[in-house]
Amino acid sequence: MNRSRSPEHAWWQSGVVYQVYPRSFQDSSGDGIGDLPGILSRLDHLVSLGVDALWLSPIYPSPMADFGYDVSDYCSVHPIFGSLADFDRLVAAVHERGLRLILDYVPNHTSDRHPWFQESRSSRTSAKRDWYIWRDARPDGSEPTNWLSEFGGSAWTWDATTGQYYYHAYLKEQPDLNWRNPDVQRAMLDVLTFWFERGVDGFRVDAIHHLFEDERLRDNPVNRDWRSGMSPARRLIRAHTMDQPEVHGAIAAMRRVADAFGDRVMIGEAYLPIDRLMAYYGVDLTGFHLPFNFHLLSTPWHPVAVSTLIEAYEAALPPGGWPNWVLGNHDRSRLASRLGLRQARIAAMLLLTLRGTPTIYQGEEIGMTDVPVPSDKVQDPWERNVPGLGLGRDPARTPMQWDGGRNAGFSTGEPWLPVARDADAVNVAAQAADPSSILSLYRALIRLRRAEPALSVGDYRPRSAGENILSYERHHQGRRFLVALNMSGESRSLNGLPAGRLLVSTALDRWDEPVSDALALRADEGCVIALQ
Ligand code: NOJ
C-alpha cells in the first residue's frame, strides 16, 4: 500500500498529511455538522489532491465544550459524527484508496463529564481521586498556584463537594489527567491499542507539552513582555506548567504501543521553540516521529526570516530526526488571510518543496479565508471567555466549500458556523475546472512532489538570491531542483542560474520552459526548476 516513490522512506516521511476538521468537512445527515459518512463521500477529493494521509480532529463522544477536545469516551464515536460501524467503513474506504488514517488523541485532559472525572470528583476517597490533579486551597482559600488557563482565568476550579481545587490547562470542563498515576497511563495507552487494532495508522497527540506540571506547585513567573491585546494566559511564563521533563517518558510509552503495531506514526502537538521541540523526538528517536513544527506560522513572511528559520530547524534536528512543516490548522488564522491570496500560492510551493512531511489544513487548497462570525454566532469557548482580542478560532473552522450550491454543498441544513460569502466562487468544483486555480496549483505541486522524491526527501541546500527572493535547491540521487519564491509584489530577475527547465510556476501559465542563466520572476511568482 506504500504509494511513496521513495521506497527507502516510510509513508509518513515522503507523504503529505491533510487535516480534516470533521464538524466542517461534509455533513451527510442534514444537521449542519459534518460527519464520518460525509468524510467518506469526499475521499475522492483527497485522492485527486494527491495527499497520502488524513488526520481527523476528535470524533469521540464529547459535550463539545471545546468542540471535541473534551472527550467523555475515548473508545467510541460521537453520534453527531456517526457510529463505530461508520468509522470501520471509513477506515476500509481510506485504505482501499491507498490512503492512511490518523486520529487525534487527547491525553492531557478529559471532559468533566468523563466517567473517570465523575468518579474522581465524587469524594476524596474515590478510587479515581488521584486520576486528576486535586489540591488544597492556600490558607487564605485562594488557588493553590497562580497558574492560568490557556482559555482565560485561573487554571484551578473549586469543587465545593469535596473542598479542593482541580487543575485544568484549558477550560474548567477539561480537567487535566494525572499522568504520574500509573493507572492513568495504562488506561490511556489502552486507548491507543483500541484504535490501532481497528486499523488506525497513527495519532496526532494533542497539547503534549501540557502533560505534566511541576510537582512542587511553584508559581509561574511574570512575563514582562506581556502587553494588553495578548492572550491573558501569556501574562505568566509557563515555566512550571509546560514542557516538564517527565513528558518524555510518557511519549516513549505511547511510542512503544505504536511500534508494537509497526508502520504507524505518532505526531506531537507542541508549540515550543526549536531547541525545546527537538527533545520531543526522544532519546535515540524513541519519541514522536514528527513533533509538529509550527514555526512557519509565526515567522515573519520575509525571505531572510524564513530561510533563517529553515536552516536553524534543519541544523537543530537530531541525527535521523525527520523534519515536518505546518502552515495552518483549526486553531490559526487561515493562510490566505494572513498572507493574501497571491502569497498563499507561494506558501503552498514552499510547504510542498521543503524537506520533510507537510501538513495541509482543509480548505487551504482552495484558498479559503477567515470568515467573520457575528458575535451572536460565536461558538469557540476561547472567544467567549476572552472576547474581542481576535483569539477566536471560529473564522478558520467554517464549512468546507465544495460547490456553488446551497451552503457550498456542505449541508442541506443550517451549518453550525456560517459559510463564507465568497463560496460561490471559491469552491472545489469551480477550482477543479479552472487550470489556473490554487487547487490546480496544489494538485500540480503534490503530483510533482510524488514524481520527484528530491522534493520530499532530498537534501535541502539554501541559495543566495536577490532581495525578496527565497531560493533553495533540493538534491536526491542525482536529481536536482531549484526553487525560487518571490515573496514580494514586485518583479525580480534572477541571474547566474544553472541551466534547467522550469517545471511549475505558481501562476500555472509556464510549463516546461528552458532556463539558462536568467529568470524573470513576476510579482508574487514562485517557480520550481529541474536542473540539468
Ligand atoms: C490544541 C487543539 O488543537 C485545540 O483546538 C484545543 O482547544 C486544545 N489543544 C485543547 O485540547
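Good morning. I begin with R355, which is found in the loop between α12 (341-351) and β11 (357-361); helices (H or I, at least four residues) and strands (E, at least two) are DSSP runs, numbered from the N terminus. Residues are numbered from 1 along each chain as its sequence is written, and side-chain values use heavy atoms, with hydrogens and water left out. The model is predicted: local features need pLDDT of at least 70 and side-chain atom pairs count only at pLDDT 80 or more, while totals for chains, interfaces and linings use all residues.

Is R355 buried or exposed? R355 counts as buried because its relative accessibility is 16%, where buried means under 20% relative accessible area, exposed over 50%, and partly exposed in between (1.4 Å probe, protein chains only). Leaving aside residues up to four places away in sequence, R355 touches E314, L317, W322, P323, W325, S456, V457, G458, D459, Y460 and R474; contact means heavy atoms within 4.5 Å. Between R355 and D201 the C-alpha to C-alpha distance is 22 Å, with 154 residues separating them in sequence.

I turn to helix α7. This helix covers residues 247-261, 15 residues in total, and reaches 22 Å from its first C-alpha to its last, close to the 21 Å expected at 1.5 Å a residue; the expected span is 1.5 Å times one less than the number of residues. Its buried residues are V247, A250, I251, A252, A253, M254, R255, V257 and A258. They pack against β3 (100-105), α6 (182-197), β7 (202-205) and β8 (265-268). After α7 comes G262, with a positive phi near 75 degrees.

Next, the pockets. On a 1 Å grid over the protein atoms alone, a pocket is an open set of points where a 1.4 Å probe fits, with protein on both sides within 12 Å along at least five of seven lines; lining residues have an atom within 4 Å of a point. The largest pocket has a volume of about 1,000 Å³, a volume being the space filled by probe spheres set on the points, which are joined across faces, edges and corners. Of its 46 lining residues, Y271, D331, R332, W382 and R393 lie nearest the centre. α9 gives the most to this lining, with three residues. The second largest pocket holds about 260 Å³, and N223, R234, L236, I237 and R238 lie nearest its centre among 13 lining residues.

Finally, the cysteines. The whole structure contains zero disulfides, defined as pairs of cysteine sulfur atoms within 2.5 Å. C527 is buried at 0% relative accessibility, whereas C75 is partly exposed at 27%.
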